Amino acid sequence: MPLTAITYTQLYGGWQVEPHGYEQVFQLGFSLLAGSKGVTFFQTIEAFQQKESKDWNGIVQGALLSVTNPLVLEIIRTGDINSFNFSTSDGQKSEETPTYNTKSLVQVIRNDTFILVAVVNSAGHGYNNLLCHVYVTDHWQLPKVSVDVAIEVSDDAFVTNGNVTGMVEIADGSTKKPDGVQVAFDGATISLKGVETDETRPLRLFAIRYSLHH
């Protein structure tokens, strides 16, 4: 995707039925996975925003703060998607057409100094527009999903064990030690095991420092 491409997602006010917080967040995640160099939420109506204030002040703003974290912004602005070959325990492979009917979608983005791994829960089920419209139930249900990711390090990249064990997660706008994720490096493959997503965190972001061979 060219450097000038910035995608947008709809916030509140343009839907027949207003989406809940986790639905807003996986919209945001899908934009990152597509290779957007920036993301815009647009066309919101304040009354709907206030009605969904719990989600807006919680999960949605947490995701926005993470995507606008300076580290993440720099990686997506200067990096490229599908920058390493990778595969997941859910059947997705970077070199193939995206696998449909998977429970999660993954993207690996890298610039010259960092690798960003983005994982989005795509296991939505139980769609019922009518029941959501009358506020009986949610639009979608997102179950807890766990996925493993294996990233093949290319010849132009220099990665150390220290780089991998120093992996950070970006959550609620801050970097922290990854929660519940096992990470390892065997000299050729970076492995992330047990990356869980659900309605409380449908998008997860991990960053690993590396360097280019010169």
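Reader: Which residues lie nearest the centre of the largest pocket?
Author: This is a predicted model, and in it A171, D172, T200, R201 and L203 lie nearest the centre of that pocket. They belong to a lining of 16 residues.

Reader: OK, and what volume does the largest pocket have?
Author: About 260 Å³.

Reader: Which elements give two or more residues to its lining?
Author: Helix 3, strand 9 (168–171) and strand 13 (203–209). Helix 3 gives the most, with four residues.

Reader: And how does the lining of the largest pocket split by class?
Author: You get eight nonpolar, five charged and three polar residues.

Reader: Is the crossing left-handed or right-handed?
Author: Helix 1 passes helix 3 in a right-handed crossing.

Reader: Which residues make the contact?
Author: From helix 1, G21, Y22, Q24, V25, L28 and L32. Helix 3 brings D55, I59, V60, A63, L64 and V67. By class, the contact has nine nonpolar residues, two polar and one charged.

Reader: Switching topic: how many cavities of 30 Å³ or more does a search of the whole structure find?
Author: One. The largest cavity holds about 30 Å³ of space.

Reader: What lines the largest cavity?
Author: L32, G35, S36, K37, I76, G79, D80, I81 and I109. L32 also takes part in the contact of helix 1 with helix 3.

Reader: And how does that cavity lining divide by class?
Author: Four of its residues are nonpolar, three are polar and two are charged.

Technical notes
Residues numbered from 1 in each chain as written. Predicted model: local features only at pLDDT ≥ 70, side-chain atom pairs only at ≥ 80, totals over all residues. Heavy atoms only, no water. Left-handed = near helix turned anticlockwise from the far one by under 90°. Contact = heavy atoms within 4.5 Å. Nonpolar A, V, L, I, M, F, W, Y, C, P; charged D, E, K, R; others polar. 1 Å grid on protein atoms, 1.4 Å probe; cavity = no way out; pocket = protein on both sides within 12 Å on 5 of 7 lines; lining within 4 Å. Points joined across faces, edges and corners; volume = space filled by probe spheres on them.
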